Amino acid sequence: MDFRLSEEHRMVRDTARDFAQSVVAPRAAEIDEKEEFPWDIWKQAAELGFTGITVPEEYGGAGMDTLSYALMGEEISKVCASTAIVLGVQVSLTCEPILRWGSEELKRKYLVPLAKGEVVGCMAMTEPNAGSDVGSIRTKAVLDGNEWVLNGTKLFISNAKEAGIAVVFAQTDPERGKRGFSAFVVEADTPGYKVTKKEKKLGIRGSSTCEIVLEDVRIPRENVLGSPGDGFKIGMWTLDGGRILVAAQAVGIAQAALDAAVNYSKERQQFGRPIGSFQGLQFMLADMATELEAARLLTYKAACLKDAGEDYVVLASMAKLKAAEVSEFVTSKALQIHGGYGYIKEFPLERYWRDARITQIYEGTSEIQRIIIARRLPVSYTHLRAHETRHDLVCRLLLE
């Protein structure tokens, strides 16, 4: 088994690293402090193809694979997790569901400008009473002639303030529960679509997180993804892939914190010698590095399985769970190694720690990842129905 990156993957990684270090890093603290969406950085990322990195070239994308996407996310997250998640929402939560489930007309109309970075996208699924319990969505979509009419409220929507296109989930047949909601493509300038409250957050402060209110929002009948009733399947499929990017984000944040801790341990003198010479601190760094490498390998494996067309659902959950937990562990220990300096904004450690914390929450909490993993452990393949993939099996078990 060859764990070395291909020449193409090294090129993607190096391009992302150069972009992150030269363009993003000088602005990272400012983005966090001002809580502003980095429009100038966005435009440069679009020129490099990052806003549609996994989208085929025929639809305006870069045509890269999932591992390339993960490498990009990791490198940018090393310097600015906000920028990484802005791009992640664009690719994983907006472009990919339209690419996978949209009609050719929807792809040409919406996917092309999204992939080119001409417009920002978001996914509106979460509601005040529907977080981990996606089946509790109360936003409704009623068919009226050749239009769907949407009413409801969405909460904690990343990129909402800047987004021109949203993938919105709504109930179309409430009596069917999880089998009764659908996914739609909605233009943000449609009458009745309102972005209201912007949240004040602990971390990833350069990525807007807002409430969206839908009041008699009318969209064309053909703006449904897949078929009416496919919403749960589309949502779960989208989140499965998105977890790989969150895992890569967590790995990138942790790597930045570890690098800072190692460098600081060489420079900081106490009791007449560098603090890195003390065995207690050396053991701490060894544990940080080992845990981080395990998270990275899980993340890369999940990406490679997805690229190979194999079942990656559980590996994506494992990668997301492990990387998120490791990211909090590593950033916390790195902050501790810096002592008082780690607690002040002059050093980036406190930002790394704040940014790491969200990775245990969005794209499915760590607890939800454990449920997904645990439910697969006792299931033998005899439970698979004819022509059913293991992803389909997980969706069926969740529905049951």
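**View 1. The buried residues of helix 11 in this predicted model.** Helix 11 covers residues 366–376, and its buried residues are Ser366, Gln369, Ile372, Ile373 and Arg376. Look down the helix axis and these buried residues fall within an arc of 120°, so they line one face of helix 11.

**View 2. Phe50 and the largest nonpolar core.** This core holds 100 residues, and the ones touching the most other members are Phe50, Phe169 and Leu225. Helix 7 (residues 231–267) gives the core its largest share, with 20 residues. Zoom in on Phe50 and skip its neighbours within four places in sequence: you'll find it in contact with Thr15, Ala16, Phe19, Ala45, Met72, Ile76, Leu87 and Val91. There's also a second, separate core of 21 residues, and among them are Ile157, Ala160, Ala163 and Ala166. As a general rule, nonpolar side chains in soluble globular proteins tend to be buried together.

**View 3. Glu75 and Arg17, a salt bridge between two helices.** The model has 29 salt bridges in total, and here the side chains of Glu75 and Arg17 meet at 3.0 Å, N to O. This pair links distant parts of the chain: Glu75 sits in helix 4 (residues 66–77) and Arg17 in helix 1 (residues 7–24), 58 residues apart. Arg17, with 33%, is partly exposed.

**View 4. Arg27 meets Asp40.** The closest N and O atoms of this salt bridge are 2.5 Å apart. Arg27 lies in the loop between helix 1 and helix 2 (28–34), while Asp40 belongs to helix 3 (residues 39–47), so the pair ties together parts that are 13 residues apart in sequence. Both ends are partly exposed: Arg27 has a relative accessible area of 23%, and Asp40 has 37%.

View 5. Glu58 is in the loop between helix 3 and helix 4, and Arg108 is in helix 6 (residues 104–115), 50 residues apart. Glu58 is exposed, at 52% relative accessible area, whereas Arg108 counts as partly exposed at 43%.

Key
Residues are numbered from 1 along each chain as its sequence is written. This is a predicted model: local features need pLDDT of at least 70, side-chain atom pairs count only at pLDDT 80 or more; totals for chains, interfaces and linings use all residues. Side-chain values use heavy atoms; hydrogens and water are left out. Buried means under 20% relative accessible area, exposed over 50%, partly exposed in between (1.4 Å probe, protein chains only). Helices (H or I, at least four residues) and strands (E, at least two) are DSSP runs, numbered from the N terminus. The arc is that of the directions from the helix axis to the C-beta atoms. A nonpolar core is a set of buried Ala, Val, Leu, Ile, Met, Phe, Trp, Tyr and Cys residues joined through side-chain atoms within 4.5 Å. Contact means heavy atoms within 4.5 Å. A salt bridge is a side-chain nitrogen of Lys or Arg within 4 Å of a carboxyl oxygen of Asp or Glu.
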